[in-house]
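This report goes through a single structure by topic. The sequence and model come next.

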Amino acid sequence: MAAGARMHADEADTDESLVEALIRAQFPQWAGLPVTRVVSAGTDNAMYRLGDGMTVRLPRIPGAAADVAKENRWLPHLAPHLPLDVPEPLAQGVPGDGFPYPWSVYRWLDGENLFDAPVTDLREAAVGLGRFVAALRGVDAAGAPVSFRGGPVATRDEGVRAAIRDLGADGTHDAEAATALWEETLRLPQWDGAPAWLHGDLLPGNLLARDGRLRAVIDFGGVGAGDPACDTMAAWTLLTAGTRGAFREAAGADDATWARGRGWALCFGLTAEHYYRETNPVLAAVAHRTVVEVLAEYRRAG
């Protein structure tokens, strides 16, 4: 995706000079450090490297602005319980210099995201990610905010059906199979346990590898409590038929959770490809692959 490409009608403009001004006004101890845009397929935040050891994260849209305080509040609480590295907040900025939202400074995490640099051993990564999901779910969720994907997937019905209609009409996906699986998903029993912590957005771009091995999980904007099935959608957004079982075992997902997770994967894949196929081809490609993997598994099972 090109640097600075716009994906949303209400997206705030950012550039290096804005970040330099914000740092100079609010954190003068870091003024003068070089600022470099980090090109990524992220949709809600713009990222800039600050010096060698920090990153600045600016919300692109109003909906992401509320995540700033949430991440600064909860990441230090969650980090000690997790088996993979996560972002470490260093400072929280306020609106200024024409930028309308709060923003954050984090410690820089070395690594290549899995959009750009696939891991060398996908099965090992599947186990590591499954253990991360299980560890996150095991943290006490008392007082946790609600994740944006924490409720029933049925709340996305209108958007999913619109995506099926359009992506089926142009031959991108099999509308009949997608509709059948979606309607099966809507009939599944819903989560009736206590809310559990979930990341909410375990996509390849939010996973970092170093030396070919999964090392870190980033972008906790969707973190919160809800149905833990959402985090199992990584089985289809990232993994293959031959490695999903290793992830499932490590994550400890029962049959009902797995089925709801597949529904979440279908929901993500259809709606993200539908929305981003013109403005974010990298994310749209991940979404397309997700739908292909889900429907292939559905056909094999049926």
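Leu22 belongs to helix H1, residues 16-26; helices (H or I, at least four residues) and strands (E, at least two) are DSSP runs, numbered from the N terminus. Leaving aside neighbours within four places in sequence, Leu22 is in contact with Phe27, Leu58, Val94, Gly96, Asp97, Phe99 and Trp103, where contact means heavy atoms within 4.5 Å. Leu22 and Leu109 are 87 residues apart along the chain, and their C-alpha atoms are separated by 22 Å.

## Basis of the values

This is a predicted model, in which local features need pLDDT of at least 70 and side-chain atom pairs count only at pLDDT 80 or more, while totals for chains, interfaces and linings use all residues. Residues are numbered from 1 along each chain as its sequence is written, and side-chain values use heavy atoms, with hydrogens and water left out.

## Nonpolar cores

A nonpolar core is a set of buried Ala, Val, Leu, Ile, Met, Phe, Trp, Tyr and Cys residues joined through side-chain atoms within 4.5 Å. The largest one here has 64 residues, and Leu129, Phe132, Trp197 and Phe247 touch the most other members. Helix H9 (residues 255-276) supplies the largest share of this core, nine residues. Another core, of 20 residues, lies apart from it and includes Phe27, Met54, Leu58 and Tyr101.

Not counting residues up to four places away in sequence, Trp197 touches Trp74, Leu78, Leu136, Arg137, Val139, Asp140, Ala141, Ala144, Pro145, Val223, Gly224 and Ala225.

## Aromatic pairs and charges over rings

Rings of Phe, Tyr and Trp (its six-membered ring) pair if their centres lie within 6.5 Å; planes under 30 degrees apart count as stacked, over 60 as edge-to-face and the rest as tilted. By this rule there are eight aromatic pairs. One of them is tilted: the ring centres of Phe27 and Trp30 are 5.5 Å apart, with the planes at 40 degrees. Both of these residues, Phe27 and Trp30, are buried, and together with Trp103 they form one aromatic cluster. Phe99 and Tyr101 make an edge-to-face pair, at 5.6 Å centre to centre and 85 degrees between the planes. Phe99 and Tyr101 are buried as well.

Two arginines lie over tryptophan rings: Arg49 over the face of Trp108, at 4.0 Å from the ring centre, and Arg73 with its charged end over Trp74, 3.8 Å from the centre. For this, NZ of Lys or CZ of Arg has to be within 6 Å of the ring centre and within 35 degrees of the ring normal.

## Helices H6 and H10

The axes of helix H6 (residues 175-186) and helix H10 (residues 281-301) come within 10 Å and cross at roughly 80 degrees. Axes are lines fitted to C-alpha atoms, for helices over the stretch in contact, and angles run from 0 to 180 degrees between N-to-C directions. H6 and H10 are therefore roughly perpendicular to each other (65 to 115 degrees; under 35 counts as roughly parallel, over 145 as roughly antiparallel and the rest as oblique). On the H6 side the contact is made by Ala177, Ala178, Ala180, Leu181 and Glu184, and on the H10 side by Val294, Leu295, Tyr298 and Arg299.

Ala284 is also found in H10 and counts as buried at 7% relative accessibility. Beyond neighbours within four places in sequence, Ala284 is in contact with Glu273, Tyr276 and Arg277. In the loop between H6 and strand S7 (196-198) lies Pro189, which is exposed, with a relative accessible area of 59%.

## A buried arginine

Arg244 is in helix H8, residues 244-251. With a relative accessible area of 3%, Arg244 is buried. Not counting residues up to four places away in sequence, Arg244 touches Ala235, Trp236, Leu239, Trp258, Glu293, Glu297 and Arg300.

## Positive phi values

Most residues other than glycine have a negative phi. Asp97, in the loop between strand S4 (89-93) and strand S5 (103-107), has a positive phi near 55 degrees. Phi of Asp211 is positive too, near 55 degrees. Asp211 is placed in the loop between strand S8 (207-210) and strand S9 (213-217) and is exposed, with a relative accessible area of 76%.

How values were computed. Buried means under 20% relative accessible area, exposed over 50%, partly exposed in between (1.4 Å probe, protein chains only).
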